[in-house]
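Please read them with the coordinates open.

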Amino acid sequence: MARPIDAATLAALNGSRTGDQITVWAWYGGRLAVPDPLQVSAWSMDWDDSRGYQTMNLTVQDPTGQLAPWLLEDPLGSGGAQLQVMYRVGGAGTVNLGWYRITDSDPAEEWAAYTVSEAGTVTPGTPVVPGAFLRLAPMGATISLGGSDLARVVANDRFIAPESPQRYLGGTPTVLSEIRRLLQDRVPVVVDAGVVDTNVNTTLVYQQQGDRWAAVQDLAKRLGAAVRMNGDGQCEVY
């Protein structure tokens, strides 16, 4: 994983420092799902060599108990929520690590039981007696999250029917125009300097239910290049 980093931040990484911090924002539907950064107590990252995308695991502390997911569309649910992850280097700058789609969410919640009398008095831990009723109050949660970068989202968006390269603006399709077409409305595409485009054969066929990300990887290889998701959630051809 390569990420742009300025000279001062690189020097800080190679030296002695304090104050490093990971910052994670939760997004859903293109908007912030939680107004403040998540309280992350542990995290790790890995790389799936076989499919070419990065994975991340986080442990989130939720003191209010309001973030524990029950529905797919909840802020930390697995129905489309995304995490924007940044690494703040103590005494220097910030490195964008990337955008990750939540794939697994496992909350461990704590609740307190109260009996409330008709007079409105509250006595925790007592049995329910006539004239009173039971109320549960959230006492916080610890939420284990698993996620993958947006390449996995592309991989899961398989071809619903066989496809072949299509002409771009009436011209001959090229490798880069085809990569952009396959990723259109999914992730943005950026191309590093030095990558030289070439035409692509229109007899090429992407098989039905084929892996879209694997097709993009194969196209990049035709240029002697490769693809990866960068820290801004873009597909980078390099």
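1. In this predicted model, the residues that line the largest cavity divide by class into 4 nonpolar, 3 polar and 2 charged. The lining consists of R3, L97, G98, W99, Y100, D149, M229, N230 and G233, and the element that gives the most to it is strand β6 (residues 94-117), with 4 residues. The volume of this largest cavity is about 30 Å³, and a search of the whole structure finds 1 cavity of 30 Å³ or more.

2. By class the lining of the largest pocket has 7 nonpolar, 4 polar and 2 charged residues, and β4 gives the most to it, with 3 residues.

3. The strand β4 (residues 53-62) has pairings with two strands that deserve a look in the coordinates, one with β8 and one with β3. With strand β3 (residues 39-48) the sense is antiparallel and the pairing runs over 9 bridges, and within it D46 has T55 of β4 as its bridge partner. These two strands, β3 and β4, form a hairpin with 4 residues between them, and in the turn G52 has a positive phi of about 75°. With strand β8 (residues 132-149), β4 again pairs in the antiparallel sense, here over 8 bridges, and Q61 has T142 in β8 as its bridge partner.

4. Strand β8 also pairs with β6, in the antiparallel sense and over 16 bridges. As a reference point for inspecting this pairing, the bridge partner of D104 in β8 is G146. Strand β6 has already come up above, as the element that gives the most to the lining of the largest cavity.

5. Which order do the strands of the open sheet of 3 strands follow? The order is β9-β11-β10, and the pairing in this sheet is mixed. Since β9 (189-191) and β10 (227-229) stand at the edges, each has a single partner strand, so one side of each is left without a neighbour in the sheet. From one strand to the next the twist averages 25°. The pairing of β9 with strand β11 (residues 235-237) is in the parallel sense and extends over 3 bridges, with V189 standing opposite C235 in β11.

6. Two helices should be read together with that sheet. Helix α3 (residues 175-183) packs on the sheet and touches β9 and β11, and its direction makes about 160° with that of β9. Helix α4 (residues 212-221), for its part, lies across β10 and β11 and runs at about 130° to β10.

7. Turning to the protein as a whole, its secondary structure comes to 4 helices and 11 strands. Why is the protein described as more spread out than a compact globule? Its radius of gyration is 24 Å, which is well over the 18 Å that the globule rule gives for 238 residues, so the protein is more spread out than a compact globule. Taken along the principal axes, the box that its C-alpha atoms fill is roughly 80 × 50 × 30 Å.

Key: Residues are numbered from 1 along each chain as its sequence is written. This is a predicted model: local features need pLDDT of at least 70, side-chain atom pairs count only at pLDDT 80 or more; totals for chains, interfaces and linings use all residues. Side-chain values use heavy atoms; hydrogens and water are left out. Two strands pair if DSSP finds at least two bridges between them. Axes are lines fitted to C-alpha atoms, for helices over the stretch in contact, and angles run from 0 to 180 degrees between N-to-C directions. Contact means heavy atoms within 4.5 Å. On a 1 Å grid over the protein atoms alone, a cavity is a set of points where a 1.4 Å probe fits but cannot get out, and a pocket is an open set with protein on both sides within 12 Å along at least five of seven lines; lining residues have an atom within 4 Å of a point. Grid points are joined across faces, edges and corners, and a volume is the space filled by probe spheres set on the points. Ala, Val, Leu, Ile, Met, Phe, Trp, Tyr, Cys and Pro count as nonpolar, Asp, Glu, Lys and Arg as charged, and the others, Gly among them, as polar. The radius of gyration is taken over C-alpha atoms; the globule rule is 2.2 Å times the number of residues to the power 0.38.
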